[in-house]
Amino acid sequence: MNEVLQTDNWQEVRAQCREVLTEPLARSIEKCRAEDPNPASRLIQVLHEVQDHFGYIAPDHIDAVAQLLQVPAAKVAGVATFYHFFRLTPRGKFMIHVCLGTACYVKGAERVAQKFKEELGIDFGETTKDGMFTLEASRCLGTCGLAPVIMIEDDVHGPITPDQVPAILEKCIEKAKTL
Ligand code: FES
């Protein structure tokens, strides 16, 4: 079992980490550290857990993961920023993926993407100021027969034309009122 290098204020630090990450997450991270002689090798798994819980990984989360896993914060931040699947800013209520895979691209996905950007006033990887939408570009979503396709949360839609975009967004806003 891996012992943590305890400092005088360790209990205080640990309590703060638990507050930042929640009790179950902190427990899971400490378990990784205790079980693995190389806790850094669990970073991707741990960061996925953090992102699954909070929807993104904040600087405070990075510090708390570093403390509990006993891995330098710079290393945790390095992993979090290196992989595109980690999100470092809060995501919107609706995550919209626009497929830019080959089949969608040749069927006009770029025009669809451009329309989303114009309507939302954001670029890929950004979230609208009201926290409603996050826009992401995707590789093939596996439904090329419907090209060009988009995915809103877990639902795939296609074929999509640019002029359908305002109505799609409006529908999401209506749906948000019922959530
Ligand atoms: S290329 Fe878009 S779904 Fe396959």
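This is a predicted model: local features need pLDDT of at least 70, side-chain atom pairs count only at pLDDT 80 or more; totals for chains, interfaces and linings use all residues.

**Entry 1: the sheet.** I began with strand E1 (residues 94-99) and strand E3 (residues 150-152), and found them paired in the antiparallel sense over three bridges. I then looked up the partner of Ile96 in E3, and it is Ile152.

Stepping back, I counted four strands in an open sheet, ordered E2-E1-E3-E4, with mixed pairing. Which strands sit at the edges? I have strand E2 (133-138) and strand E4 (155-157) down for that, since each pairs on one side only. From one strand to the next, I noted a twist that averages 25°.

**Entry 2: the helices across the sheet.** I followed two helices next. Helix H7 (residues 109-120) lies across E1, E2 and E3, and I have its direction at about 150° to E1. Helix H8 (residues 165-178) also lies across E1, E2 and E3, running at about 160° to E1.

**Entry 3: the cysteines.** How many disulfides does the whole structure hold? My search came back with zero. The cut-off for a disulfide is sulfur atoms within 2.5 Å.

Is Cys17 buried or exposed? I logged Cys17 as buried, because its relative accessible area is 5%. I put Cys140 down as partly exposed, because its relative accessibility is 47%.

Key: Residues are numbered from 1 along each chain as its sequence is written. Side-chain values use heavy atoms; hydrogens and water are left out. Two strands pair if DSSP finds at least two bridges between them. Axes are lines fitted to C-alpha atoms, for helices over the stretch in contact, and angles run from 0 to 180 degrees between N-to-C directions. Contact means heavy atoms within 4.5 Å. Buried means under 20% relative accessible area, exposed over 50%, partly exposed in between (1.4 Å probe, protein chains only).
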